[in-house]
Amino acid sequence: MKKKDYVQEKKGNVENDYYILEECGSGAFATVRKVKKKISGQICALKIIKKTKNENSIKMYLEVEILKELIHPNIMEIYEFYEDKKNFYIITEICEGGDLFDLVVDKGNLNEAEACNIIKQILSAVTYINSKNIVHRDLKCQNILLDTNKNNIVKIIDWGTARFYQKKEKMNKICGTPYYIAPEVLFEKYDEKCDVWSSGIILYILLCGYPPFDGENDTEILENIKKGKFVFPEEDWSTISDEAKNLIEGMLKFNPEERLSASNCLKHKWFLENQ
């Protein structure tokens, strides 16, 4: 039996099955709330997405279909999917340890062992989704949650920009977030290695507390990304190992064909030295 066979899709009122508790976060089109299942008492997360136009509905169904395909310890698990006239509702597992962005803001930066533990989990998930011909397209610190109840296991969330892809066929829709978006995405010709680039940006941020490509505004940030030139400032990187820098350089190769794949990243000696 496949996971998609037991993820239930329901019509009607989600409040028939769940107690709606406090809000955990919100955005332009979605709100996340903590919920409690009435029968079992299980605490879950409820993502409420407003219905807007037909394109939004198609995107929503695709996100659910992708999540139904995925079973991995570092990917947020979906339990149920509801729909009514106004909203879509996705019930998932809950993580209450905050996201990586909050962690970096709180700590400033992580040591190499801490960063290694986190990025290894992210790359494991990216390797897994690539094996299923799925690309996330918006990996960033805000989309990586910490599950403090499970020894700081990380969970990748927000699969709204994810899609299935065909090997050797390039994608062209610009998706992602300034600071994290790969240059080839901006040039509208890219493949699954855009997720490796974003993971490399995350690793850079974890180790020093700021991104490698910056600017006064989004336009300037994206122009700097298009150039693809970055450095390791001595004042912040002098104590960080050459192996960590070498891995980042491999993940942030401007030419995707020269960039490490997610699976090859995991074979890098930096991971062996930080086990």
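User: Which residues line the second largest pocket?
Analyst: In this predicted model, the second largest pocket is lined by Phe101, Val104, Val105, Gln142, Thr177, Pro178, Tyr179, Tyr180, Ile205, Gly209, Tyr210 and Pro211.

User: And which helix gives the most to that lining?
Analyst: That is helix α2, covering residues 100-107, which contributes three residues to the lining of the second largest pocket.

User: How do the residues of that lining divide into nonpolar, polar and charged?
Analyst: Nine of them are nonpolar and three are polar, while no charged residue takes part in the lining of the second largest pocket.

User: How much space lies in it, and how much in the largest pocket?
Analyst: The second largest pocket holds about 180 Å³ of space, whereas the largest pocket holds about 1,400 Å³.

User: OK, the largest one then, what lines it?
Analyst: Its lining is made up of 49 residues, and those nearest the centre of the largest pocket are Ala30, Lys47, Asn143, Ile157 and Asp158. By class, the lining of the largest pocket has 21 nonpolar, 13 polar and 15 charged residues.

User: Which element supplies the largest share?
Analyst: Helix α1 does, with eight residues of the lining of the largest pocket, and among the other elements that each supply at least two are β2 (18-26), β3 (30-37) and β4 (43-50).

Methods. Residues are numbered from 1 along each chain as its sequence is written. This is a predicted model: local features need pLDDT of at least 70, side-chain atom pairs count only at pLDDT 80 or more; totals for chains, interfaces and linings use all residues. Side-chain values use heavy atoms; hydrogens and water are left out. On a 1 Å grid over the protein atoms alone, a cavity is a set of points where a 1.4 Å probe fits but cannot get out, and a pocket is an open set with protein on both sides within 12 Å along at least five of seven lines; lining residues have an atom within 4 Å of a point. Grid points are joined across faces, edges and corners, and a volume is the space filled by probe spheres set on the points. Helices (H or I, at least four residues) and strands (E, at least two) are DSSP runs, numbered from the N terminus. Ala, Val, Leu, Ile, Met, Phe, Trp, Tyr, Cys and Pro count as nonpolar, Asp, Glu, Lys and Arg as charged, and the others, Gly among them, as polar.
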